[in-house]
Amino acid sequence: MPRLEDEIRRLMEGETARLHAAPDLLDRVMRLRRARRARVKTAMVTASVLASVAVVAAPVVYLATAAQRATPSTQVTTSATLEPAIDDTPPVRTEPKNLGDLGDGLAFGHVKVGYLPEGLRWSTRSIDHGDMYSTSYNYKGDAEGFYQVQILMYEEEAVREVTERIQRYREEKDGEDVMIGDRSGYLVVQHVGEDGMAGSPTLFLKMGDRQWAEITFSPVYAKEFSGAEAVNTELRKIAKGLTSTM
Amino acid sequence: MNGAEHDFGSFVAARATSLLRVAYLACGDQTEAEDLLQTALERTYRNWHRVRHDSPEPYVRRVIINAAISRARRRAILNIIPMHSPPETSAREKDSDLVHVLMNALRALPPRQRAVIVLRYWEDLTETQTAEVLGCAVGTVKSQASKALAKLRTALGRDIMEGACDNAQA
């Protein structure tokens with residue numbers, strides 16, 4: 001009888017033999033590159049314009065932002081016209097496994113959540129891989145709806161994975177180092193399966209040598225805010241409210 | 001086309017199919033694999049000035065594997081990864097059924113365990129190389145491989161292994 005490992009190799013070979021890279025793959029990669037470069041350029045120009053407007057008309061911007069933020073549900077219309085990102089596909093409700101009954105979802109694993117944006121509540125969905133676990137939050141009464149915020153926790157061995165990911169972003173000059181109180185973090189827009197959309201704004205927070213948090217907004221939820229700065233402000237608030245119970 | 005674009009184009013032409021197969025095994029879905037590969041290549045091209053002088057393939061492979069893990073973890077919480085039920089034992093006689101069972105079992109593994117299996121037994125990386133790709137300790141690779149193999153052994157089943165043996169000898 002062949003060894004299991006050899007059999008796995010043989011079966012994998014049989015399964016993948018039919019796969020061949022698309023002839024236009026290189027063209028598509030180049031198009032993606034150009035689109036990304038254009039997006040970054042637009043974002044930089046927009047940020048620059050917003051910064052100059054803020055200097056001239058700071059009170060107006062403040063009032064507009066406050067008004068938008070006070071009624072986030074009124075702006076969901078934006079998402080209704082968009083093709084949902086993969087990460088925003090309505091999920092089937094699942095019961096949490098090892099994380100148990102999270103109650104209101106504000107304490108799970110070795111972390112307590114002290115702040116959530118207005119209107120969000122625990123989605124009742126969680127996942128536990130031991131040294132990596134996660135849960136998410138969505139709007140009240142939207143049980144079958146999209147997730148808005150997801151918090152992923154990395155502990156012990158899994159910490160290396162997240163710090164290496166941050167290092168890669170840093171090397172690619174994608175995102176920025178930030179401080180949340182006396183804790184360090186990293187702000188970046190990740191592209192994790194919602195291609196064609198603006199990406200998922202994310203804040204990584206170092207909660208200790210053996211624990212990191214990854215807080216991420218769904219691309220559709222991020223669109224409900226007035227801009228990247230408003231999203232980052234909310235991400236920072238959530239990060240500030242996280243307390244380790246390790 | 002400048003020198004960098006030409007080099008990158010040659011690399012894609014030579015290695016894209018092999019990398020697509022890694023992506024497919026890492027995520028279990030062809031469309032997703034194509035997207036993973038495209039995204040990984042775009043990121044590679046962005047850093048081509050740095051990676052072209054070394055062997056770019058390990059870099060792309062690392063991006064693919066880690067992106068697959070990241071996506072799978074985020075999707076797992078939304079429960080949208082297709083988890084097909086394994087076929088009945090009586091239907092597992094042909095090799096194609098075995099492949100089906102294996103792919104379903106692979107999809108059902110936690111993302112990091114699936115990545116370990118792909119890197120160790122498809123890419124033939126050593127435990128140390130696998131640990132480098134995944135950014136974890138060698139001991140973790142060993143334990144994850146052991147757990148994953150136990151699950152695959154259960155999924156494939158002893159009778160399946162005997163059937164595979166017969167097929168291999170035929």
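This short talk covers the fold of chain B and the largest cavity of the structure.

The model is predicted, so to speak on its own terms: local features need pLDDT of at least 70, side-chain atom pairs count only at pLDDT 80 or more, and totals for chains, interfaces and linings use all residues. Residues are numbered from 1 along each chain as its sequence is written, chains are lettered from A and ligands numbered from 1 in the order in which they are written, and side-chain values use heavy atoms, with hydrogens and water left out.

I begin with chain B. Its secondary structure consists of nine helices and zero strands, where helices are DSSP runs of H or I with at least four residues, strands are E runs of at least two, and both are numbered from the N terminus. Of its 170 residues, 56% are buried, meaning under 20% relative accessible area with a 1.4 Å probe, protein chains only. In the loop between helix 6 (111–121) and helix 7 (127–134) of chain B lies Asp124(B). Asp124(B) is not a glycine, yet has a positive phi of about 55°.

I turn now to the largest cavity. A cavity is a set of points, on a 1 Å grid over the protein atoms alone, where a 1.4 Å probe fits but cannot get out; lining residues have an atom within 4 Å of a point. Which chain B helix gives the most to this lining? Helix 4 of chain B does, with four residues. Strand 5 (149–155) and helix 5 (158–171) of chain A each supply at least two. Among the lining residues are Glu161(A), Arg165(A), Arg73(B) and Arg74(B).

How values were computed: Buried < 20%, exposed > 50% of the residue type's maximum accessible area, 1.4 Å probe, protein only. 1 Å grid on protein atoms, 1.4 Å probe; cavity = no way out; pocket = protein on both sides within 12 Å on 5 of 7 lines; lining within 4 Å.
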